[in-house]
Amino acid sequence: MIQLSLLRQLNPLADASYQRSVLASTDYPALPQFEAALVQYGLPTLRAAGVRILQVNVGKLCNQTCRHCHVDAGPDRRESMSWDTAEAVIRFLKDSAIPTLDITGGAPEMNPNFRWLVKEAWKLKRNVIDRCNLTILVAKGYEYLPAFLAEHQVEIIASLPCYSESNCDSQRGDGVFQRSIQALQLLNSLGYGLEGTNLRLSLVYNPLGPSLPPRQADLESKYRLELRERFGIEFTRLYAITNLPISRFLDDLLQNGHYEEYMSRLVQAFNPNTLDNLMCRTMISVDWLGNLFDCDFNQMLGLQIQTPKPATIFDVNFQQLLERNILTSRHCFGCTAGAGCPPAGPHHGSPRGAPPVPQGRRYSLPAPCTRHAGRWRSD
Ligand code: SF4
């Protein structure tokens, strides 16, 4: 279990440019670049298709230090969105017709402007999502949070990587599972996750190791059964997500010698049918300083939107956002593996199934699916 962030460990992967260089490395010549996969399928560069979600990462401070965190968040991080930047976010939301404000972190609730953001978006009649780690809801000093979220009908998307205590704690820290269960029961008592209420409570699963997640529908049934029978917990839906090779998970892959093997799995599971629904096509991601990105993953890699100069929430041109190309890299294979992600999918990855890895075809792209039959180029 990591106790310190990569930054505090002085790990080179804390530097976004170093992560980018690992992902772009030519040390793995049989591992294609993401852009090459698009070309081989005769598919165009990814482009925006509107903006339906404004996702705001208010900082890297968190009360947990999870093993796979792509933000490298933790109690030792100090990055936190200022009121000036939060105010610019709300101004932009007000001037646009974007229906959803999606607040993430770190533990976003630890930002002093969190409640203000929620209230202002609520006044503007926008949907609000809180990407919640659950334990913050039962942390000392945050007792007001569950009722506050319910009062403003905030949708909660919460990480719970397993219904087994040992698996969950090995990924998220000792005691996290029990506190998460306590938080879920509290949310249920307020109506969250129950039929007949409009308080949505979604859970997020991600694999413990270098594998792809199982089929989402099967896993959701299993979660529902286990959580209901053992703890009396209800929830709205489950997202089964793929870990993207970024930050701590990338470190984990490299440290354990699994990087090539894992990337190969993602490449083999490439599914062109996922491209229409990639969240980056209908989302804008804002960092704690107000810089704009196509998604939270690109944010962590420092791949800032160019429209044509680096865009920020202070001087953004909405029309240019709509016309932009999306910046991609090998990490994008994590979003296109298997079943892909829904437009409003969770920021830690995307729901998908996990097709088996074909034998003897490592690092080559799979044959195109029927929708793209005849478009495969094997150059
Ligand atoms: S990481 Fe995923 S969401 Fe982000 S740009 Fe790549 S494909 Fe799009």
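This is a predicted model: local features need pLDDT of at least 70, side-chain atom pairs count only at pLDDT 80 or more; totals for chains, interfaces and linings use all residues.
Helices here are DSSP runs of at least four residues and strands are runs of at least two, both numbered from the N terminus. Counted in this way, the protein comes to 12 helices and eight strands. Of the 379 residues, 47% count as buried. Among contacts between residues at least 6 apart in sequence, 76% join residues that are at least 24 apart.

The eight strands form an open sheet with mixed pairing, and their order across the sheet is E6-E5-E4-E3-E2-E1-E7-E8. Strand E6 (237-240) and strand E8 (292-293) are the edge strands, each pairing on one side only. In general, strands of a sheet pair through backbone hydrogen bonds, either parallel or antiparallel. Strand E1 (residues 53-57) and strand E7 (residues 283-286) run parallel and are joined by four bridges; here Ile 53 has Met 283 of E7 as its bridge partner.

Five of its five residues are buried, so E4 is largely enclosed by the rest of the structure. Glu 155, Ile 157 and Ser 159 point one way from the strand, while Ile 156 and Ala 158 point the other way, and all are buried. Strand E3 (residues 127-132) pairs with E4 in the parallel sense over four bridges. To get from E3 to E4, the chain passes through helix H5 (residues 145-151), and this β-α-β crossover is right-handed. E4 is also joined by four bridges to strand E5 (residues 201-205), again in a parallel arrangement.

Asp 130 stands opposite Ile 156, and Ile 156 in turn stands opposite Leu 201 in E5. Leaving aside neighbours within four places in sequence, the contacts of Ile 156 are Asp 130, Cys 132, Leu 149, Leu 187, Tyr 192 and Leu 201.

Ile 156 also belongs to the largest nonpolar core, which has 99 residues; Val 89, Ile 156 and Ala 158 have the most contacts inside it. Helix H7 (residues 176-189) gives this core its largest share, six residues. As a general background, nonpolar side chains in soluble globular proteins tend to be buried together.

Attention can now turn to the ligand. Its surroundings consist of Leu 278, Met 279, Cys 280, Asp 294, Cys 295, Phe 297, Asn 298, Ile 326, Thr 328, His 331, Cys 332 and Cys 335. Sorted by class, this shell has eight nonpolar, three polar and one charged residues.

How values were computed:
Residues are numbered from 1 along each chain as its sequence is written. A residue is near a molecule or strand if its C-beta atom, placed from the backbone, lies within 6 Å of it. Ala, Val, Leu, Ile, Met, Phe, Trp, Tyr, Cys and Pro count as nonpolar, Asp, Glu, Lys and Arg as charged, and the others, Gly among them, as polar. A residue is buried if 20 or more other C-beta atoms lie within 10 Å of its own, exposed if 12 or fewer, and partly exposed in between; C-beta atoms are placed from the backbone. Two residues are in contact if their C-beta atoms, placed from the backbone, lie within 7 Å. A nonpolar core is a set of buried Ala, Val, Leu, Ile, Met, Phe, Trp, Tyr and Cys residues joined through C-beta atoms within 7 Å. Two strands pair if DSSP finds at least two bridges between them. A crossover is right-handed if, with the strands pointing away from the viewer, the path from the first strand over the helix to the second runs clockwise.
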